[in-house]
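User: I have a structure open and would like to go through it with you before I plan anything around it. Could you start with how the contacts are spread along the sequence?

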Amino acid sequence: MSNYNINKGIGRTVEFKGLKAQYLFIFAGGLLGTLILVMILYIIGVNSYICLFLGSGCASLIVWQTFSLNRKYGEHGLMKVGARKRHPRYIICRKAVHRYLKFTTKPDVR
């Protein structure tokens, strides 16, 4: 009988160093944005030590915050928090009750 390797990663989300799903995009986008900011500041003529300090500070903040969000909310939790913020807490009904109970008939057009 032959042994076959089964890919156990089918249907699972992409993971890199513990970061899952949308956190990878936040991580990559944040680091890319930091790189572009540092490049623009350097081209403008800002002191290179200030660019280096600002770039390393922003990059470390992005790494720390992304891993913190991943640990706190999990794989789908950030999307659930966003959906919860868009969902109304309660529905306000300001019409009088008799306006909902009033039935109007449509005229018969022939």
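Analyst: Among contacts in the protein chain between residues at least 6 apart in sequence, 65% join residues at least 24 apart, where contact means heavy atoms within 4.5 Å. Please keep in mind that this is a predicted model, in which local features need pLDDT of at least 70 and side-chain atom pairs count only at pLDDT 80 or more, while totals for chains, interfaces and linings use all residues. Residues are numbered from 1 along each chain as its sequence is written, and side-chain values use heavy atoms, with hydrogens and water left out.

User: What is the mean pLDDT of the protein chain, and where is confidence lowest and highest?

Analyst: The mean pLDDT is 82, and 92% of the residues reach 70 or more, pLDDT being the predictor's confidence in each residue, from 0 to 100. Confidence is lowest in strand β1 (residues 15-16), with a mean of 72, and highest in helix α1 (residues 22-44), at 92. Where pLDDT is low, the predicted coordinates should not be read in detail.

User: Which elements are there, and in what order?

Analyst: The protein chain has three helices and two strands, and from the N terminus on they run β-β-α-α-α. Because the radius of gyration is 27 Å, well over the 13 Å that the globule rule gives for 110 residues, the chain is more spread out than a compact globule. Helices (H or I, at least four residues) and strands (E, at least two) are DSSP runs, numbered from the N terminus; the radius of gyration is taken over C-alpha atoms, and the globule rule is 2.2 Å times the number of residues to the power 0.38.

User: How much of it is buried?

Analyst: Buried residues make up 12% of the 110 residues, with buried meaning under 20% relative accessible area, exposed over 50%, and partly exposed in between (1.4 Å probe, protein chains only).

User: Which residues does UniProt list as "transmembrane region"?

Analyst: An unreviewed UniProt entry lists residues 21-44 and 50-70 under that name, although such annotations may be inferred rather than shown by experiment. In the model, residues 21-44 are 96% helix and 0% strand, with end C-alpha atoms 36 Å apart, while residues 50-70 are 100% helix and 0% strand, with end C-alpha atoms 30 Å apart.

User: Switching to cysteines, how many disulfides does a search find?

Analyst: The search of the whole structure finds zero disulfides, a disulfide being a pair of cysteine sulfur atoms within 2.5 Å. The sulfur of C51 has its closest cysteine sulfur in C58, 11 Å away, which is too far for a bond.

User: Are those two buried or partly exposed?

Analyst: C51 is buried, at a relative accessible area of 4%, whereas C58 counts as partly exposed at 25% relative accessibility. C58 is found in helix α2, and its C-alpha atom is separated by 15 Å from that of Y42, 16 residues apart along the chain.

User: And what does T34 touch?

Analyst: T34, which lies in helix α1, touches G55, C58, A59 and I62, not counting residues up to four places away in sequence. T34 counts as buried, at 9% relative accessibility.

User: Last one: where does N70 lie, and what is N70 in contact with?

Analyst: N70 lies in helix α2 (residues 48-86) and, leaving aside neighbours within four places in sequence, is in contact with G18, L19, K20 and Y23. At 12% relative accessibility, N70 also counts as buried.
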